[in-house]
Amino acid sequence: MTPDTLFQSLWEDYTSRLCPSAGNVHKLLQEDEPLINDHIALRTFNLAPVELEVLAKPFLALGYQEAGDYLFEAKKLVAKHYQHPDPTQPKVFISQLKVEECSAQLQTIVKQLVAQVSAEDMQGSEFLYAGRPWQLTHQDYQLLAQESEYAAWLAAHGYGANHFTVSVNQLNQFDQVQQVNDYLKACGFVINQSGGEVKGSPDVLLEQSSTMADKVQVEFEDGVVLIPGGFYEFAKRYPMADGELYPGFVAASADKIFESTNG
C-alpha cells in the first residue's frame, strides 16, 4: 500500500457513492497536469473501536505525521490533521464527535451503532472507504439530524472521504478561489454560502470554498432515502514568513465548510 493507492481507493468510493458530481467538477478544472488534491476529510465518533486515532493509523503507517489540533465547540467536535513528509501528498483532516457532550438520546443511538463494529473491522485500511459498518433506520437518522447534522451524516454514510479538495495554487486559468466559485456557478453548481462563499483570507494564510453536498440515495433498514452526501472543496494557501505555503487549517473556516453537508 502506498499513499497513491490509498487515495485512489478513497477517490473511487467518494465519486461513486458520496459525491458523483466531483467527477464533473474535476473535468472542468483539469488542466495539463493532474489536479493536486490538497486534503481529504474523514468523520468519526470518539468511541472505541472507531475513534480518531484508529482512522489515523493507516496514514501513520504510510509515513504521515500529526500536525495540528482543532476544536469546534458549538458542533462538539475535535479534529487533527496529518501531513506527509512529501508535500505533494494530500493532507488528512480527521474529526470526531464528542458523543458524551450530546443528549442521552443521541448517545444511545450512536452507542448502538458503534456496538455493531469490532476492532477487527477497523484493521488495515480498507475500512476507510468501506462505507457504513452498522445497520441504521431512517427514523434514527432523522432523530440524530435534529441534534447533529454531523452525527446523522456519519451514521448514514459510515466511512469514506467526506470531501476531496482541489489545490487552487496549482491552477493556471484561475488564481483566486472566488474565480473558481464563479466558474462553477456558471456551470450550474451550488456553492456553500455559510460564512460567505470564500472562507478565510490571505491574512490567515488560507482561503477555502466548497460545493454543497450532492444528494445521494442511501439504503436504510426501513427504506431508501435521498440525503446529502459528499462535496468538493477548493483551497488556496498563502506563503508564511519563511516562504513556505501555510500547511495547516483555520478552525473558523473549517466550521463553515462542515455545513456543506447540511440538508
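Hi everyone, and thanks for coming. Some ground rules before the tour. Because the model is predicted, local features need pLDDT of at least 70 and side-chain atom pairs count only at pLDDT 80 or more, while totals for chains, interfaces and linings use all residues. Residues are numbered from 1 along each chain as its sequence is written, and side-chain values use heavy atoms, with hydrogens and water left out.

Let's begin in the middle. In soluble globular proteins, nonpolar side chains tend to be buried together. By a nonpolar core I mean a set of buried Ala, Val, Leu, Ile, Met, Phe, Trp, Tyr and Cys residues joined through side-chain atoms within 4.5 Å. Buried is under 20% relative accessible area, exposed is over 50%, and partly exposed is in between, with a 1.4 Å probe and protein chains only. Here the largest such core has 76 residues, and Phe45, Phe59 and Tyr232 have the most contacts inside it. Helix α6, residues 149–157, supplies the largest share of this core, 7 residues. On naming: helices (H or I, at least four residues) and strands (E, at least two) are DSSP runs, numbered from the N terminus.

What does Phe45 touch, leaving aside its neighbours within four places in sequence? Contact means heavy atoms within 4.5 Å, and the partners of Phe45 include Leu52, Leu97, Trp134, Ala151 and Leu154.

Next, helix α3, residues 52–61. Its buried residues include Leu52, Leu55, Ala56 and Phe59. The cover over the buried residues of α3 includes helix α1 (3–18) and the strands β1 (39–45), β3 (77–83) and β4 (91–97). Just after α3, Gly63 takes a positive phi of about 100°.

Now a helix pair. Two packed helices are described by the angle between their axes and the distance between the axes. The axes are lines fitted to C-alpha atoms, for helices over the stretch in contact, and angles run from 0 to 180 degrees between N-to-C directions. Helix α2 (residues 22–29) packs against helix α7 (residues 177–186) at an angle of about 120°, and their axes are 11 Å apart. On the α2 side the contact is made by Val25, Leu28 and Leu29, and on the α7 side by Val180, Tyr183 and Leu184. By class, that is 6 nonpolar, no polar and no charged residues. For the classes, Ala, Val, Leu, Ile, Met, Phe, Trp, Tyr, Cys and Pro count as nonpolar, Asp, Glu, Lys and Arg as charged, and the others, Gly among them, as polar.

Let's move to strand β3, and to Lys80, which lies in it. Is Lys80 buried or exposed? Lys80 counts as buried because its relative accessibility is 15%. I'll call a pair of N or O atoms within 3.5 Å a polar contact; within protein, one must be able to donate a hydrogen and the other to accept it, and residues adjacent in sequence count only if both atoms are side-chain atoms. The Lys80 side chain makes one with the side chain of Glu66 at 2.9 Å, and another joins it to the side chain of Asp69 at 2.7 Å.

Two other residues sit in β3: Ala79 and Tyr82. Ala79 is buried at 2% relative accessibility, and Tyr82 is buried with a relative accessible area of 2%. C-alpha to C-alpha, Ala79 is 5.8 Å from Asp69, 10 residues apart in sequence. Tyr82 is 6.0 Å from Tyr64, and those two are 18 residues apart in sequence.

Gln208 counts as buried because its relative accessibility is 2%. Its side chain is joined to that of Glu233 by a polar contact of 2.7 Å.

Finally, the backbone. A cis peptide bond joins Ala48 and Pro49, with omega about 5°, and Pro49 lies in the loop between β1 and α3. Lys76, although not a glycine, has a positive phi of about 60°; its place is in the loop between β2 (65–72) and β3. Leu205 is not a glycine either, and has a positive phi of about 70°, in the loop between β6 (199–201) and β7. Lys76 is partly exposed at 28% relative accessible area, and Leu205 is partly exposed at 22%.

That's my tour, and I'm happy to go back to any part.
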